Every structure is written in C-alpha cells, then in structure tokens.
Amino acid sequence: MAQPTTLLDLPPELSAERIRAWVAGEKLPAYRAEQMHRRLWMDPVASWQDATELPKALRERLERDFPLPRLSVDVIQQSQDGTRKYLWTLGDGEKIESVLIPSAGRRTLCISSQAGCALGCTFCATGTMGLRRNLTAWEIAAQVREIVLLDVNDKPTNVVFMGMGEPLVNWPAVDATLSILNDPKGFGIGARHITVSTVGIVPGMKALAARPEQFRLAISMHSPKGADRIGIMPIEKRYPLKEVLDVAATFHKRVTFEYVLIAGVNDRDDDAAVLASHARRMGAHVNLLPLHPGGAPGLVPTAPARIREFCQFLVDQGVEAVVRRSRGLDIDAACGQLRVQMEKKRRADHQEPVDATPS
Ligand code: SAH
Ligand code: SF4
C-alpha cells in the first residue's frame, strides 16, 4: 500500500502513535499529543490554525508537517422530509455524494466509497457512470468530518456504506475508515450502527468477517435466483449469489438483504418465495426499496400496492421484512443521482449556445 500522505488516512491508533513519536521528537510535553489527536476526529478543526489551545508556532509547524485535507462542498440540497444531500468535490475535481437521513432521534449518513462504480448494476445511477477511482480512507471519513465541521449537531449516529461505489472492492481504505468511524478516539460510532452494503464481493466479505467488531452487513440481492440476477447485476458472473450467501452464513453478525423492486423483473410471486427461503435460512432481515429513477431507462418501479403485497408475503412466510420509505425523492436522493443530475445539467448548459447557433 502507498505511504499515507495524511494522518487522516490512518486508523486512530496509528495516527496517535505517529503524533506521539513526532511530539517526542520535537521535545514537546507529552500531553500535546492528546490535544493534537482529538482535533483529527473527536473535536475536529477545519485547519490547525483553529486549534487555539496549541501555541501559534506549533500550529504553524503542524500545518506544514501534518496537513488536514478537506472536501469542498459543492451543493447541499434539503428535501421536504428533512433528508439532506451533499455533493462534494475532491482535490482532483471528482465529485461524490453523501445523504443525511434524520429519523426519530437518529441521523443516518449514507456515504460513498468510490467515485463512480465499475459493477454496472442496470438499475443504479452510479453504475451508469463507470468507475472513476477509489476513494482514500480520509476522503471516505471526511464525509462525516465535513458534516461535523459544518454543524456538530448534525453528527451522524449511524453510517451506511450505501452511497456511490462498492465498498468491498476498495477494502484497504474501507478497512481504515471503519476504524476511524468506530474507534472512541475517532468518531466513536458503535459498530452495530455501521453497515457495509455489498453486492457480494467474496474476498472483501471474508476480510470484513475477520474483523472482531460487530459491523453490520447488507447484501444487495435484488433478485433471488442467479439466472435472473445476472440480467440486472453483472457481478453475479464473478461471485454467484449462492457462494455469496454461503459466505454470509459464516457471519456472526446480523445480515440484511437489500431488494429494489422493479416491475416484471424481480417482483413475481416466485421471486418472493425464493427470497423468503433465503431469508429464513439465514435469519436475514429484508429491506424492500422502491426503485428510484436514474438507472437504465426501461426499468419501471413496482406499483405501491404490489410492493405491500410482496412484503406481506414475506412476513407471512415468517420473514422480518419492511418497505423502506423513499426518502428525499424530491432531491434525487438515491445514491449517484445528484452527480448524474448535475452532469446532465452541465451538459445541457454547455449545449445551449450550440443549439442556439443558426445552421
Ligand atoms: N455497491 C454497494 C453499495 C452502494 S449501492 C451495493 O450495491 O450494495 C447501495 C444501495 O443503493 C443498494 O442497496 C442499491 O440497491 C441501492 N440503489 C441503487 N440504485 C437504486 C435505485 N435506482 N433505486 C433504489 N435504490 C437503489
Ligand atoms: Fe455499484 Fe452498488 Fe450501484 Fe451496483 S448498486 S452499480 S455495486 S453502486
């Protein structure tokens, strides 16, 4: 792995070690290390200049030796239901999204792990743009850090890796980020309040399972039979659902199945029956999601009455299933949608003068 360029790329244990070594080398009193470290995540500063408990000369040295990189906030959209969507610009101009969803005392932040995604699920807006690049650990964790910097009262209580990208193909960065989110010297968010969502990248699932914390796993199933699943999720060819479920069964952690309902594609009685048998066998919880627009144009959401019926069928089979409320529909809050929207708008803006040119 490349040498990290910032302390913010490291799990808190390692950044604390680095800082302690530096403080000792600079012959500063040991308590400075603690003061500095809490400014990374626990009580973050926009820049070292704001850490006014530290002497000015020290702050200047820190700016030089340990720069604190930032995301710049491009757009914040507030939905009528309180859902808030952030579009961030990275240092190289790439754009990623996070969505903050408040509900009953909880604030769940949906974060991105990649700019774009290579896996090309047909219903997904992010899938349509292909992979731009992996995010680094600090870029993933910064989605939380920047929100805390904007308003500490918005600090998320829960984090889900359900934004842009497939977290388990970017495991080294996601691995470090999980520590940053969970460590009491990081954001201190309980492992059971952190969910990694995956289409089923088997090596990544094994790496996640090997961690001792109780992180939650969500499997994006979307179709319970491999032969059908391959039509909407090309990854099925590489890691068949059967193998994915076998690995998921080894998790001593609660598993959730994510299932986006698409009319005529995965909402038949037979789909419900096979889905129910998978869920019962694994003791999995099922989240049914209405399809948001943004993926392939031909796909149509299942009608609400059929969604309720599908859900009831699962419940009658003894499965814990819920229909997730569509949040932030008015701001295109399904992940990847805002960036795709903005790019369409930019293209449209650029095309205007061309269209206006007389032929
Ligand atoms: N790559 C990972 C995590 C990011 S996608 C994964 O696929 O699990 C996170 C969630 O967004 C997935 O559960 C996916 O089903 C959901 N999603 C993607 N496109 C959607 C759409 N058009 N409508 C509703 N949910 C969608
Ligand atoms: Fe990638 Fe997940 Fe979208 Fe599939 S659903 S294209 S894996 S982000």
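**View 1. Surroundings of ligand 2 in the predicted model.** Ligand 2 is surrounded by Cys117, Leu119, Gly120, Cys121, Cys124, Gly127, Gly165 and Val199, a residue being near a molecule if one of its heavy atoms lies within 4 Å of it. By class, five of these residues are nonpolar, three are polar and none is charged. In this scheme Ala, Val, Leu, Ile, Met, Phe, Trp, Tyr, Cys and Pro count as nonpolar, Asp, Glu, Lys and Arg as charged, and the others, Gly among them, as polar. The model is predicted: local features need pLDDT of at least 70 and side-chain atom pairs count only at pLDDT 80 or more, whereas totals for chains, interfaces and linings use all residues. Residues are numbered from 1 along each chain as its sequence is written, chains are lettered from A and ligands numbered from 1 in the order in which they are written, and side-chain values use heavy atoms, with hydrogens and water left out.

View 2. Of the 18 residues around ligand 1, Phe123, Ser197, Ser220, His222 and His292 come nearest. The shell comprises nine nonpolar, seven polar and two charged residues. Strands E8 (194-198) and E10 (255-261) each supply at least two residues of this shell; strands (E, at least two residues) and helices (H or I, at least four) are DSSP runs, numbered from the N terminus. Among the polar contacts (pairs of N or O atoms within 3.5 Å), a nitrogen atom of ligand 1 is 3.0 Å from a polar backbone atom of Gly165. An oxygen atom of ligand 1 is 2.6 Å from a side-chain N or O atom of Ser220, and an oxygen atom of the ligand is 2.8 Å from a side-chain N or O atom of His222. Taken alone, ligand 1 exposes 530 Å², of which the protein buries 91% (Shrake-Rupley method, 1.4 Å probe).

**View 3. Packing of helices H4 and H5.** Helix H4 (residues 137-150) packs against helix H5 (residues 171-182) at an angle of about 35°, with the axes 8 Å apart. Axes are lines fitted to C-alpha atoms over the stretch in contact, and angles run from 0 to 180 degrees between N-to-C directions. Ala137, Ile140, Ala141 and Val144 in H4 meet Ala173, Val174, Ala176, Thr177, Ile180 and Leu181 in H5, contact meaning heavy atoms within 4.5 Å. These residues divide into nine nonpolar, one polar and no charged.

**View 4. Packing of helices H9 and H10.** The axes of H9 (residues 269-282) and H10 (residues 304-316) lie 9 Å apart at an angle of about 35°.

Technical notes: Polar contact = N/O pair within 3.5 Å; in protein donor to acceptor, adjacent residues only side chain to side chain.
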